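Please look over the model below before reading on. My notes follow as numbered points.

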Amino acid sequence: MTALKKRVAILISGRGSNMRSLVEASRAANCPYEVVVVIANRPDAAGLLFAKEQNIPALGLDHTRYESRDHFEGQLHTVLTASKVDLVACAGFMRLMTPEFVQKWRDRMLNIHPSLLPAFKGLHTHERSIAAGVRISGCTVHLVRPAMDEGPILGQAAVPVAVDDTAETLAARILEAEHKLYPRILAAYAAGRISIVDERVSWPGSVNQSGTLFSPDLGSAS
Ligand code: GRF
C-alpha cells in the first residue's frame with residue numbers, strides 16, 4: 001500500500017514561480033506531498049492563474065478587506081482546516097503572521113527566503129547582499145517561527161555573487177536555486193525524514209564532499 005501523501009497548501013502574494021516548482025514536483029508518482037490549495041493574499045496574484053490551470057483550488061483572500069490581521073488569519077485558518085491541510089508552504093507570501101497563527105501551524109509551516117539565513121533577513125535582500133560585498137549568497141528553506149525569517153533551517157543552496165551583479169541578476173540566479181531547493185526540502189519534510197531537536201534539524205541528508213563553492217572561481221590559478 002502506498003503511504004498517504006501529505007496535503008500541502010501554498011501561500012503566495014505574486015508571481016508564484018516557487019509555487020509552480022512545488023506543484024510540478026508534486027506530479028511525480030513518488031512525491032510524498034500533493035498540493036491541495038493555493039491561496040494568495042492579493043486576488044490579482046499572477047500565480048493564481050497557473051494554479052487554476054492545473055485544476056488546483058486557488059483562492060484570493062484579500063487581506064485589505066479584513067478589519068484586522070486576526071480576522072484575515074482566522075479566515076485563512078478556516079480555509080486551511082477545511083482543506084484538511086497537513087503542511088503550509090509559504091512561497092513569496094509577503095505578509096507577516098501573528099505569533100498566534102504561527103503557533104497553530106508550528107512545525108507545519110515552511111518558508112523560503114532568498115539569502116543564506118541568518119544573514120539578510122527581511123526585505124531588499126539582494127540589494128543589501130550586494131552593498132555588503134558578499135561573494136556568495138543563496139536561499140534558505142526554514143520552519144516558520146514568530147520572528148521574521150527565523151526558525152530551524154531545513155536546507156540551503158549557495159550561489160556565487162558576481163561583482164557586476166545587480167539586484168535583478170542576483171535574484172534571477174538565486175531564484176533558479178530556489179526552484180531546485182524548495183521541492184526537495186518540502187518532499188523530505190513531508191516524508192518525515194527531517195526532525196527537529198532543540199530547534200535544530202537532525203537530518204544529515206547527504207553531504208556534497210567536493211562541494212566547496214569558490215567565488216570568484218579561482219580556477220587552477222594560485
Ligand atoms: C522568492 O525569491 C522568494 O524567496 C521570496 O520572494 C520571491 C517570490 O518569488 N520570498 P515567486 O513568487 O515564487 O516567483
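Which residue with positive phi follows H6?

1. Gly192 follows H6, and its phi is positive, near 80 degrees. Helices (H or I, at least four residues) and strands (E, at least two) are DSSP runs, numbered from the N terminus.

2. Ground rules. This is a predicted model, in which local features need pLDDT of at least 70 and side-chain atom pairs count only at pLDDT 80 or more, while totals for chains, interfaces and linings use all residues. Residues are numbered from 1 along each chain as its sequence is written, and side-chain values use heavy atoms, with hydrogens and water left out.

3. Helix H6 covers residues 167-190. Its 24 residues should span 34 Å at 1.5 Å a residue, and the end C-alpha atoms are 32 Å apart, which agrees. The expected span is 1.5 Å times one less than the number of residues. H6 still has a kink of about 25 degrees, centred on Glu178. The bend is the angle between axes fitted to the seven residues ending at a residue and the seven starting there.

4. Ligand shell. Arg15, Gly16, Ser17, Asn18, Gly92, Ile112, Pro114, Leu175 and Glu178 surround the ligand, each with a heavy atom within 4 Å of it. Helix H1 (17-26) and H6 each supply at least two residues of this shell.

5. Polar contacts (pairs of N or O atoms within 3.5 Å). A ligand oxygen is 2.5 Å from an N or O atom in the Arg15 side chain. Backbone polar atoms also take part: a ligand oxygen is 2.8 Å from one in Gly16, and a ligand oxygen is 2.9 Å from one in Asn18. Taken alone the ligand exposes 370 Å², of which the protein buries 84%; areas are Shrake-Rupley with a 1.4 Å probe.

6. Backbone checks. Most residues other than glycine have a negative phi, and most peptide bonds are trans. Lys84 is not a glycine, yet its phi is positive, about 50 degrees. Lys84 lies in the loop between helix H3 (69-82) and strand E4 (87-90).

7. Cis peptides. One joins Leu117 and Pro118, with omega about 10 degrees. Pro118 is in the loop between strand E5 (109-113) and helix H5 (125-132). Another joins Ser215 and Pro216, with omega about 5 degrees. Pro216 is in the segment after strand E9 (200-201).

Note on methods. Polar contact = N/O pair within 3.5 Å; in protein donor to acceptor, adjacent residues only side chain to side chain.
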